[in-house]
Structure formats: C-alpha cells, structure tokens
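Hello,

Here is the structure for you to look at. My notes on its aromatic rings follow below.

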Amino acid sequence: MQGFEDVVTQQQRKVHSFAHYFLGSPEEAEDVTQEVFLKLWKNWSKVDLERVRPWLLRVTRNACYDRLRKKRSTARVINMDTDPEIVESSPGRDPGPEVDAQRADFRRNITGELQKLGEPYRSILILREIEGLRYREISEILDLPLNTVRVYIHRGRKQLREQLAGRYDSVAIA
C-alpha cells in the first residue's frame, strides 16, 4: 500500500507540469500543485489509490479553472513565461545558438497557441502531447468517452496546426 509521501513523490512533477502548461506560469503552477496535494491529504481516505493519477489531474484541471476565473474577474493577464526545464528539447548534437533560438521561439509559440485553444482541446492536447498520457487515461481524467477523446485530439491538433500555419511553412504535430 502506497503512502501519501510516495504518491506525492511519484506524481508531483506531472501535476506541476500540467498546471504550468495550462496556466502558463510556473509560479501559479506551484500554488496549484500545493492546493492539489492539500486536497489529496484531506481526502486521502476517500481516494482510490489505483486511480490516484486521474484523480490528481482532474483536481489540477479544476484548480486551474478556478485560478483563471479568479484572474478574469480581476482582469489580469496570464504570464506566458516558459520554464525550459519542463519543455523538452529534441535530442541531438549541439546545434548552436541560432537553432537553439529557433527552438525556443517555436516552444514559446506552441505554448502561446495552446493558451488560445478552447476547452476541452487545450486540456486534452496538454495531457496527450506534453504529459504523454494514453487516450484511455485522458478519458478517465476528463470523464469523457474514449471516442470523444480521440475526436477532440484530432480537432485540437488541427486547430493548433491552423493557428501556427501563418508562422511556419509546415507544422508537423502528430
């Protein structure tokens, strides 16, 4: 049987990464991560440990929504600061500063365009493309039928490609 500390150790990075991409701010993601694990602590006896990851990511998504609603009511702008430790760079030889700058620019554009996607496309693409979750896991987290998740991933990718098409000659998003 897993203890609370084990679950936090295993899932903290996923929760933080999802919140960071959803909100666009590492500081906000830290706050949401703390809130999520506080809720886990309070509900520890009620949470099925076999399904703790979907539970955590669902709570994270809801906490992010709450933050965005609160921000809208105070009319503040979302900070689009990208943490390079969370955004993976492609493997390979040292490409030089020009290629590094192009990659960083592309990551900023992708992150910015993800923020513009409507729901549920934004959440689904973050969970699939950034977090690397399987379709079934996304279905559980968002409480959507599996076929609906597949359709939303297809539509979300298409929207993201269209949004990026003006900036890049060809955008290859899986």
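A residue is called buried under 20% relative accessible area, exposed over 50%, and partly exposed in between (1.4 Å probe, protein chains only). By that definition Phe18 and Phe22 are both buried.

Some background: the model is predicted, so local features need pLDDT of at least 70 and side-chain atom pairs count only at pLDDT 80 or more, while totals for chains, interfaces and linings use all residues. Residues are numbered from 1 along each chain as its sequence is written, and side-chain values use heavy atoms, with hydrogens and water left out.

Rings of Phe, Tyr and Trp (its six-membered ring) pair if their centres lie within 6.5 Å; planes under 30 degrees apart are stacked, over 60 edge-to-face, and the rest tilted. This rule gives five aromatic pairs. One of them is Phe18 with Phe22, tilted, at 5.8 Å between centres and 45 degrees between planes. Both residues belong to helix H1 (residues 4-23), and because Phe18 and Phe22 are four residues apart there, about one helical turn separates them. Helices here are DSSP runs (H or I, at least four residues), numbered from the N terminus.

Tyr121 and Tyr152 make an edge-to-face pair, because their planes are at 80 degrees, with centres 5.4 Å apart. Tyr121 is in helix H5 (residues 121-130) and Tyr152 in helix H7 (residues 146-165), so this pair ties together parts 31 residues apart in sequence. Tyr121 is buried at 15% relative accessibility, whereas Tyr152 is partly exposed at 21%.

Phe4, Trp41 and Trp44 form one aromatic cluster.

Regards

Notes: Helix = DSSP H or I, 4+ residues; strand = E, 2+ residues; numbered from the N terminus.
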